[in-house]
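Work through these exercises with the model open beside you. Try each task before you read its solution.

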Amino acid sequence: MTKITNNMIFDASTHTLNKHRSKMHEVSQQISSGKKYSSSSQAPLENSQALLVETQMKQIESFKKNTSYGNYILKAGADALNSVSNLMTQLKNIAIAASSDTLSVQERKNYAFEVRDIFQQMISNVNTKIEGRYIFAGYKNSQTPFNSDGTFNGNAIANEDMSIE
């Protein structure tokens, strides 16, 4: 029969007490930090899953940002083209009004000045810039797509000249 000494009882009790104290400290840290684990090495599987979710969340945020920026560019382009369309309607009305044989030289000059002003407004619209980039210049978006005379400087069509006439 084995004799259980007071020393053995004391050691077993101390060991159990220390084990419970350590567990209590761990739970206390979890409660105060709001985290189940204090280091990633305590749960490698959960850590890798959390990193995957975090990466996916960053990708989604990036997609949202890019979509928002794309919509912003599209709206700016649509606004510029709508303005050009309205200017074209004005030019059509001027052409109809100026086709009369009864116009004086001064009236024809006035129409010519008005056409020139509308042309410059069109150039301004097709040279719309967003965040330092011209939206109608293709990949050469750092240079003005249309000169003041209407010559195209962008890269929309390879090896072909393009201008507004």
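**Exercise 1. Find which residues of α3 are buried, and on which side they lie.**

Step 1. Take the cut-offs: buried means under 20% relative accessible area, exposed over 50%, and partly exposed in between, with a 1.4 Å probe and protein chains only.
Step 2. Apply them to α3: Ile118, Met122, Ile123, Asn125 and Val126 are buried.
Step 3. They cover an arc of only 155° around the axis, so they sit on the same side of α3. The arc is that of the directions from the helix axis to the C-beta atoms.
Step 4. Look for the cover: it includes α2 (44-98).

This is a predicted model, in which local features need pLDDT of at least 70, side-chain atom pairs count only at pLDDT 80 or more, and totals for chains, interfaces and linings use all residues. Residues are numbered from 1 along each chain as its sequence is written, and side-chain values use heavy atoms, with hydrogens and water left out.

**Exercise 2. Check the span of α3.**

Step 1. Use the rule: the expected span is 1.5 Å times one less than the number of residues.
Step 2. For the 22 residues of α3 this gives 32 Å.
Step 3. Compare: the end C-alpha atoms are 32 Å apart, which agrees.

**Exercise 3. Describe the fold and spread of the chain.**

Step 1. List the elements: there are three helices and two strands. Helices (H or I, at least four residues) and strands (E, at least two) are DSSP runs, numbered from the N terminus.
Step 2. Read along the sequence: the pattern is α-α-α-β-β.
Step 3. The radius of gyration is 38 Å, well over the 15 Å that the globule rule gives for 165 residues, so the chain is more spread out than a compact globule. The radius is taken over C-alpha atoms, and the rule is 2.2 Å times the number of residues to the power 0.38.
Step 4. Buried residues make up 14% of the 165 residues.

**Exercise 4. Examine Glu131.**

Step 1. Locate Glu131: it lies in the loop between β1 (129-130) and β2 (133-134).
Step 2. Read its backbone: phi is positive, about 50°, although Glu131 is not a glycine.
Step 3. Is Glu131 buried or exposed? Its relative accessibility is 61%, so Glu131 counts as exposed.

**Exercise 5. Judge the confidence.**

Step 1. Recall that pLDDT is the predictor's confidence in each residue, from 0 to 100.
Step 2. The chain averages 86, and 90% of the residues score at least 70.
Step 3. Confidence is lowest in helix α1 (residues 6-33), at a mean of 85, and highest in helix α3 (residues 105-126), at 94.

Terms used. Contact = heavy atoms within 4.5 Å.
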